[in-house]
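Please look through the sequence and the structure shown below before reading on.

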Amino acid sequence: MISARAILSRSASLLACLGLLGIWQIGALILNTESFPTALEALRAIPSILGDKEALINILASLRRMAVGFALALVVSIPLGLMMGRSRAIASFFNPLLMIIYPVPKAALMPIIMLWLGVGDIAKTLVIFLGVSLPVIYHSFQGARAVEEKMLWSGAAMGLSALQRMIRIVLPAALPEILTGCRTGLVLALITMITSEMIARQSGAGNILFNALDMGQYDTVFAMIIIVGAMGIGLDAAFENLRGRLVRWSEPRFDIPLSFS
Amino acid sequence: MNARALTSQVLLGIAPIALLIGLWQAIDSLGYAPLSLLPPPGLVFARLVQQLFTGAFQQEIGVTLLRLFAGFSIAVILGVGIGLAAAASPSVNALVRPIVRVLAPLPKVALYPALLLLLGFGHASKVTLVAADALFPILLSTYYGASMVEQKLVWSAMAAGTPPRQVLFKVVLPAAVPSILTGCRIGLVISCIVVFLAEMITSSDGLGHLLVTAARTFQAVDMFVPLITISLLGLILNALLQAVRSYLLRGFPEV
């Protein structure tokens, strides 16, 4: 059953979107320059982009790379984070390395990786993989570290092996925290995808943005911004919905994670 | 923890970094990769040290730092201000919450072309992008910190006759400082990353621009140098903020 509050909070987000578009519309009307189209003009340009077969293929290819990079990062990062959370030796082995990697701009590796692996899908997927990994590792680590010791002792007393304890006790107990990491990672995957495409300028959604900018098709630029923004908000909302179903028993500490960038 | 355990932990931590650099050197020494694509670590670090002492390179660092701090400062002022206001006033909260909910997961880098069109190719567009990206972690952590202040503290202050406006600055703000500083740390590293990326996408100066220029001329060594420099800057700024944090929070129970 949907409570009245939930309806209100959902319509509040919608109202906020409409409000922001309204401010944009008024701002553009006041400035009245060619390089800043109104919100309506930008919205009107969206169907022509989505109707253009080549642009659509480009955007879908971007999304496919993003999904592959994200999925690979989860497969590697969650087990690593969980093991770091349960073993002090593994944690002190990886922590300094991760601390050094943390401030490296992942999308900026694009030119170097392209030099090695070419301009194909592998380079782009690898960059997304790198961008997603750190927050997922960090949150899995935090989640696994906070697991109640008594549950692990009981599990061991009942004859569970180390691997079984990891899968049947640590994984479910850390799941809320892991999913918070995944949520941040999902938005970061989109950000890394767009940024690396803007830097590499080969194909994809980021490239369409800058090509339109170069050719002076300003309404296309702003329409693409709306599309990318909607992707971010949509993916985040969809994941939040999934998270709510998976870990209904756990109240989220914060409803918006801090580590978006 | 005793000194011996600490030493072994440090050694364990250095091991993967040493392994990685060793592997890097080995790939070059054994001839698996041409030196033009993967310059050996010694060469890269020598080039880094040499560049750090040249005026031109220092100037690029200066430009990047200027943009970074300008954007970060705007983000701190706006983030702490809006965050406190949203925690203190229900009507501000009702207005800010849905807007933040929409804007926080929006990939801010997608706004960059729009900022270029509106603000030009100079400092303003990059500073705005940095501020937009660093704003949300700071705003959210300020808000969460300020709204979790123990209610008894607020009541005691009011009972002692503190006017509501002063309660905000004398009780709520100091109690929220640990959380605000956590947000600032995230925001600072994000600022480092974003300023570099913005300079890579379009710029005529700064560290990010150096990487792009090197990439166009296939100078692999010069591609690594700015990347390592910005990462070192991130680590140094992070450590400085950590020092500020432990100074500011010297009276707090757990830091």
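Is G120(A) buried or exposed, going by the number of other C-beta atoms within 10 Å? The model in which this is asked is a predicted one, and in it G120(A) is exposed, because 10 other C-beta atoms lie within 10 Å and a residue counts as exposed at 12 or fewer.

## Two glycines of chain A

G120(A) sits in the loop between α5 and α6 (121–145) of chain A.

G229(A), by contrast, belongs to a helix, namely α10 (residues 218–246) of chain A, and G229(A) is buried, because it has 20 other C-beta atoms within 10 Å and the cut-off for a buried residue is 20 or more. From C-alpha to C-alpha, G229(A) is 9.9 Å from L190(A), a residue 39 places away in sequence. When neighbours within four places in sequence are left aside, G229(A) is in contact with L106(B) and A110(B), which belong to chain B.

## Chain A and a pair of its helices

Chain A has 10 helices and zero strands, and of its 261 residues 41% are buried. Its C-alpha atoms fill a box of roughly 70 × 55 × 30 Å along the principal axes. If one takes the contacts in chain A between residues at least 6 apart in sequence, 75% of them join residues at least 24 apart.

Two packed helices are described by the angle between their axes and the distance between the axes. For helix α3 (residues 53–86) and helix α8 (residues 162–200) of chain A, the axes come within 8 Å and cross at roughly 145 degrees, and the crossing of α3(A) with α8(A) is right-handed. On the side of α3(A), the residues that make the contact include M66(A), F70(A), L74(A) and I78(A), while α8(A) contributes, among others, L171(A), A174(A), I178(A) and L186(A). Sorted by class, the contact of α3(A) with α8(A) has 16 nonpolar, three polar and three charged residues.

## Chain B and its domains

Chain B likewise has 10 helices and zero strands, and 39% of its 255 residues count as buried. The radius of gyration of chain B is 23 Å, whereas a compact globule of 255 residues would have one near 18 Å; along the principal axes, the C-alpha trace of chain B spans about 75 × 60 × 30 Å. Of the contacts in chain B between residues at least 6 apart in sequence, 71% join residues at least 24 apart.

The domain assignment divides chain B into domain 1 (1–33) and domain 2 (37–248), and the centres of these two domains, taken over C-alpha atoms, are separated by 31 Å. Where the domains touch, six residues of domain 1 of chain B are in contact with four residues of domain 2 of chain B, and the side belonging to domain 1 has four nonpolar, one polar and one charged residues.

## An enclosed helix in chain B

Why can helix α9 (residues 207–216) of chain B be called largely enclosed by the rest of the structure? Seven of its 10 residues are buried, so the rest of the structure largely encloses this helix. The buried residues of α9(B) are L207(B), G208(B), H209(B), L210(B), L211(B), A214(B) and A215(B).

What covers them comes from both chains, and includes α5 (110–117) of chain A as well as α3 (55–88), α8 (164–201) and α10 (220–248) of chain B. After α9(B) comes F218(B), whose phi is positive, near 55 degrees.

## Where the chains meet

The contact between the chains takes 51 residues from chain B and 51 residues from chain A. On the side of chain B, at least two residues each are supplied by α1 (3–29), α4 (90–103), α5 (112–119), α6 (123–147), α8, α9 and α10, and the largest share, 10 residues, comes from α8(B). By class, the side of chain B that touches chain A has 42 nonpolar, seven polar and two charged residues.

How values were computed. Residues are numbered from 1 along each chain as its sequence is written. Chains are lettered from A and ligands numbered from 1 in the order in which they are written. This is a predicted model: local features need pLDDT of at least 70, side-chain atom pairs count only at pLDDT 80 or more; totals for chains, interfaces and linings use all residues. Helices (H or I, at least four residues) and strands (E, at least two) are DSSP runs, numbered from the N terminus. The radius of gyration is taken over C-alpha atoms; the globule rule is 2.2 Å times the number of residues to the power 0.38. Two residues are in contact if their C-beta atoms, placed from the backbone, lie within 7 Å. Domain bounds come from an automatic or database domain assignment. Ala, Val, Leu, Ile, Met, Phe, Trp, Tyr, Cys and Pro count as nonpolar, Asp, Glu, Lys and Arg as charged, and the others, Gly among them, as polar. Axes are lines fitted to C-alpha atoms, for helices over the stretch in contact, and angles run from 0 to 180 degrees between N-to-C directions. A crossing is left-handed if the near helix is turned anticlockwise from the far one by less than a right angle, and right-handed if clockwise.
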